[in-house]
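Biologist: Please show me the model, and then let us go through it by question and answer.

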Amino acid sequence: MKLWRVYVILTLVMLVWGFNLPMVKYLVSYVEPVTLTAFRIFAAGVSVFILLAVFRLLRWPTKREWKFIVLGSLLNVVVHHYFVSQGLALTSGSNAGLVLGTGPMLTAVLVSLILRNYPSKLQWIGVIIGLVGVSSTVLVGSGGASGMNLGDVFVFLAILSQVFSFLVISKIAGTLDPRLMTGYMFIVGSVFLFVLSLIQEPGEIQAFADVPNLFWAAFAFSAMFGTAVGHMLYNYSIGQAGPTKAAIFMNLNTLFSLVRANVILGEEITARHLFGLVLIVIGVLFGSGAAEDLMRNRRKRLGH
């Protein structure tokens, strides 16, 4: 697949994820986070397998592939979702936004160290510009980030585990379709989370009996689109474009979250917001390699 199509897919995934966040916040107001996540991830896994069955992409993994699936599920599903839910309960939204904004930087560094796949100078510049844009945007009107606390550590562990999972997915993408791996990761991870929920939130499963009908509509959207389709396409993009290029698009979450807050909640967008958003877009263009592709194509046209 051509890279520009992968970039379009990644942008659409970030749009869906940006609107999925308020859904999850609504859901956890009725059911505790670990229990909710276990069932939401399981429902997403079932949705993934239904979609893959329609496209005839189902198969049983090899022993070697199972090792990557289990490792990926522990990192991307269990550890990531557990620490995100725990961290958000203990830290401010600004602090969490800043820590999550380090994801592309961590991905670029770890890809360089572990996979020996070094981003270009323009990509490094894009990663840094994107980080500055995220920092500028999430601090607007927040009074600044507070000092580091346990919640920030949990959020950092969540993003670090996710970054490592990106490396696992890219490593096995040559033999195992990342979309298929996503389905297996969800099912395996949801089992671990369910056991964890029984220990940490005993009896919370009964909360599902008292939820309103709107809860199930939000649950279905979050599981099928926000989680199943979103992660399928994102993990597929990692296999196509590599973890560094895919991770830089995570910065667009900040942009779409701000748009959502303005459109749905009527929150004001200031000049400083716009400055941060411009930096985010520039960071994505440079960090993803899209700017280099455009310049390369332009040189080819001029050369002819």
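Predicted model: local features only at pLDDT ≥ 70, side-chain atom pairs only at ≥ 80, totals over all residues.

Modeller: Residues are numbered from 1 along each chain as its sequence is written, and side-chain values use heavy atoms, with hydrogens and water left out.

Biologist: How many helices and strands does the protein chain have?

Modeller: Helices (H or I, at least four residues) and strands (E, at least two) are DSSP runs, numbered from the N terminus. Read from the N terminus, the elements run α-α-α-α-α-α-α-α-α-α-α-α-α. The count is 13 helices and zero strands.

Biologist: What percentage of the residues of the protein chain count as buried?

Modeller: Buried means under 20% relative accessible area, exposed over 50%, and partly exposed in between (1.4 Å probe, protein chains only). Of the 304 residues in the protein chain, the buried part is 50%.

Biologist: What share of the contacts with a separation of 6 or more comes from residues 24 or more positions apart?

Modeller: A contact means heavy atoms within 4.5 Å. For the protein chain, the share from residues 24 or more positions apart is 89%.

Biologist: Is H1 roughly parallel or roughly antiparallel to H9?

Modeller: Axes are lines fitted to C-alpha atoms, for helices over the stretch in contact, and angles run from 0 to 180 degrees between N-to-C directions. Angles under 35 degrees count as roughly parallel, over 145 as roughly antiparallel, 65 to 115 as roughly perpendicular and the rest as oblique. Helix H1 (residues 3-27) and helix H9 (residues 213-241) pack at about 150 degrees, with axes 8 Å apart. The angle therefore makes H1 to H9 roughly antiparallel.

Biologist: Which residue classes make up the contact of H1 with H9?

Modeller: Ala, Val, Leu, Ile, Met, Phe, Trp, Tyr, Cys and Pro count as nonpolar, Asp, Glu, Lys and Arg as charged, and the others, Gly among them, as polar. The contact of H1 with H9 has 21 nonpolar, seven polar and no charged residues.

Biologist: Which residues of H8 meet H7?

Modeller: The axes of helix H7 (residues 150-172) and helix H8 (residues 178-200) come within 10 Å and cross at roughly 130 degrees, which means that H7 is oblique to H8. From H7 come Val 168, Ile 169 and Ile 172, and they meet, in H8, Pro 178, Met 181 and Met 185.

Biologist: Is Arg 40 buried or exposed?

Modeller: Arg 40 is also in helix H2, and its contacts beyond four places in sequence include Asn 20, His 81 and Phe 219. With a relative accessible area of 6%, Arg 40 is buried.

Biologist: What is the phi of Arg 56?

Modeller: Arg 56 lies in the loop between H2 and helix H3 (63-88), and is exposed at 77% relative accessible area. Most residues other than glycine have a negative phi. In Arg 56 the phi is positive, near 55 degrees.
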